Amino acid sequence: MSRPVGARDVARRCVSVPALLVLIPVAVALLLLTLVLAPLSLFAGRSGRAWQPQRLALYVLVYLVADLGGVLAAGAVRMRCMGAGRDREERLVALNYQVLARLLGFLVKCSGWIFSLRVEVDPPIPSSTDRPREGIVVFARHAGPGDSILLVHALLCRAGLRPRVVLKQFLRWDPCLDIVLSRLPHCFVPHRTEADTSTAIGLLAAALRPGEALVMFPEGGNFTERRRRRAIGWLNRTGQVRRAARARRQRHVLPPRMEGSLAALSGAGDAGAAVTFVAHTGLDRIDSPARLWQSIPLRTAVRATWWSVPHHAIPAGHQARESWLTDQWSRVDAWIAQEWNRPAPTPPAPL
């Protein structure tokens with residue numbers, strides 16, 4: 001959750017912010033180099049799949065510049081909200097959510113222009129005027145580059161929900177995320193122990209208010225087949241044979257990590273929050289640098305679906321909730337399998 005800036009935060013930012021300033025001119029030089037070498041790609045007869053280096057270099061530059069813009073905007077917001085008091089704190093939170101929304105909107109638009117990114121959601125995302133009366137917990141599949149950006153953007157900019165995000169500690173080295181999220185309800189994981197992590201997630205969920213969404217990725221990382229095999233092996237080694245057998249039947253997802261997920265459900269119970277599950281496909285096959293290269297520009301849209309379970313329909317008790325969450329994750333897996341088996345659309349006939 002939001003907390004005062006400590007000595008470690010200052011030390012980390014004394015490294016990450018100067019590093020950002022150094023990386024921007026490096027990215028400019030890289031983009032110029034790819035542009036100079038572009039005729040070689042065309043000469044090699046790769047016009048149909050050309051411009052991968054230029055697109056990637058341009059997006060790296062766009063991201064770094066957006067990150068720097070976020071740092072500067074966060075500094076301006078801090079200057080506007082100097083002093084103490086509840087009103088100033090609430091204004092600081094509101095303005096930082098605005099900064100986050102604008103940055104995510106900018107990155108998503110640039111992704112559409114640079115990579116031909118398209119997102120299709122069925123059923124449509126409710127508008128901000130149809131906010132639920134209570135907070136919600138969002139359990140989302142984690143697969144492919146940028147899926148977390150798309151999810152938080154959809155919640156904040158399209159659904160009008162303020163996200164409380166659970167994310168990995170190493171992302172604190174992104175100076176914009178580090179500064180902006182430190183002023184918003186959040187949880188960087190892992191903590192020193194698994195119990196500390198679960199406690200932090202539970203407290204974050206228990207404090208949910210109407211118009212807010214706790215965003216979690218129960219798998220703990222992006223899906224890859226290698227991670228899936230490792231997760232199944234770990235379940236077997238720790239004596240969780242039934243969960244391992246269930247995970248083996250789920251071909252497109254990692255088994256959810258129960259400790260943090262159940263802590264979120266427990267905390268959300270205190271807040272009366274519903275649970276929304278999000279499944280998506282379209283980025284999941286981009287699981288290596290080689291496949292990233294081959295996929296640019298994106299040929300197909302990112303497709304997503306979601307469903308909600310009201311608070312009163314969530315079972316009580318550790319074992320019952322663990323079984324229920326596994327069932328929901330099987331539904332995520334089944335939807336992905338259906339999408340993967342969907343026939344490719346037939347291109348229109350030439351005129």
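Residues are numbered from 1 along each chain as its sequence is written. Because the model is predicted, local features require pLDDT of at least 70 and side-chain atom pairs count only at pLDDT 80 or more, whereas totals for chains, interfaces and linings use all residues; side-chain values rest on heavy atoms, with hydrogens and water left out.

Helices and strands are DSSP runs numbered from the N terminus (H or I, at least four residues, for helices; E, at least two, for strands). The expected span of a helix is taken as 1.5 Å times one less than its number of residues. For helix H11 (residues 318–340), the 23 residues should span 33 Å, and this agrees with the 33 Å that separates its end C-alpha atoms. Helix H6, of 13 residues, reaches 18 Å from its first C-alpha to its last, close to the 18 Å expected. Residues are classed as buried under 20% relative accessible area, exposed over 50% and partly exposed in between (1.4 Å probe, protein chains only). The buried residues of H11 include Trp324, Leu325, Trp329, Val332, Trp335 and Ile336, and also the charged-side residues Arg321, Glu322, Asp333 and Glu339. In H6, the buried positions are Thr197, Ser198, Ala200, Ile201, Gly202, Leu204 and Ala205.

A nonpolar core is defined as a set of buried Ala, Val, Leu, Ile, Met, Phe, Trp, Tyr and Cys residues joined through side-chain atoms within 4.5 Å. The largest such core has 31 residues, and those with the most contacts inside it are Val137, Phe139, Val166, Leu214, Val275, Phe277 and Trp324. Among the elements that give two or more residues to this core are strand E2 (136–140), strand E5 (212–216), helix H9 (258–271) and strand E6 (274–281), while the largest share, six residues, comes from H11. Phe277 touches Phe139, Thr305, Trp306, Trp307, Val309, Trp324, Leu325, Gln328 and Trp329 (contact: heavy atoms within 4.5 Å), not counting residues up to four places away in sequence. A second, separate core of 30 residues includes Val77, Cys81, Val93 and Leu156.

A search of the whole structure finds one cavity of 30 Å³ or more. On a 1 Å grid over the protein atoms alone, a cavity is a set of points where a 1.4 Å probe fits but cannot get out, and lining residues have an atom within 4 Å of a point. The largest cavity holds about 50 Å³ of space, and its lining consists of Arg243, Arg246, Ala247, Gln250, Pro255, Pro256, Met258 and Thr326. By class, this lining has four nonpolar, two polar and two charged residues, and helix H8 (residues 241–249) gives the most to it, with three residues.

Several loop positions complete the description. The peptide bond from Asp122 to Pro123 is cis, with omega near 5 degrees, and Pro123 is placed in the loop between strand E1 (119–121) and E2. A cis peptide bond also runs from Ile296 to Pro297, with omega near -5 degrees, in a loop that joins helix H10 (289–295) and E7. Ser116, in the loop between helix H3 (86–115) and E1, has a positive phi near 60 degrees and counts as partly exposed because its relative accessibility is 31%. Ser127, in the loop between E1 and E2, touches Arg158 and Ala159, not counting residues up to four places away in sequence; Ser127 and Arg158 are 31 residues apart in sequence but 6.2 Å apart in space, C-alpha to C-alpha.

Note on methods: 1 Å grid on protein atoms, 1.4 Å probe; cavity = no way out; pocket = protein on both sides within 12 Å on 5 of 7 lines; lining within 4 Å. Points joined across faces, edges and corners; volume = space filled by probe spheres on them.
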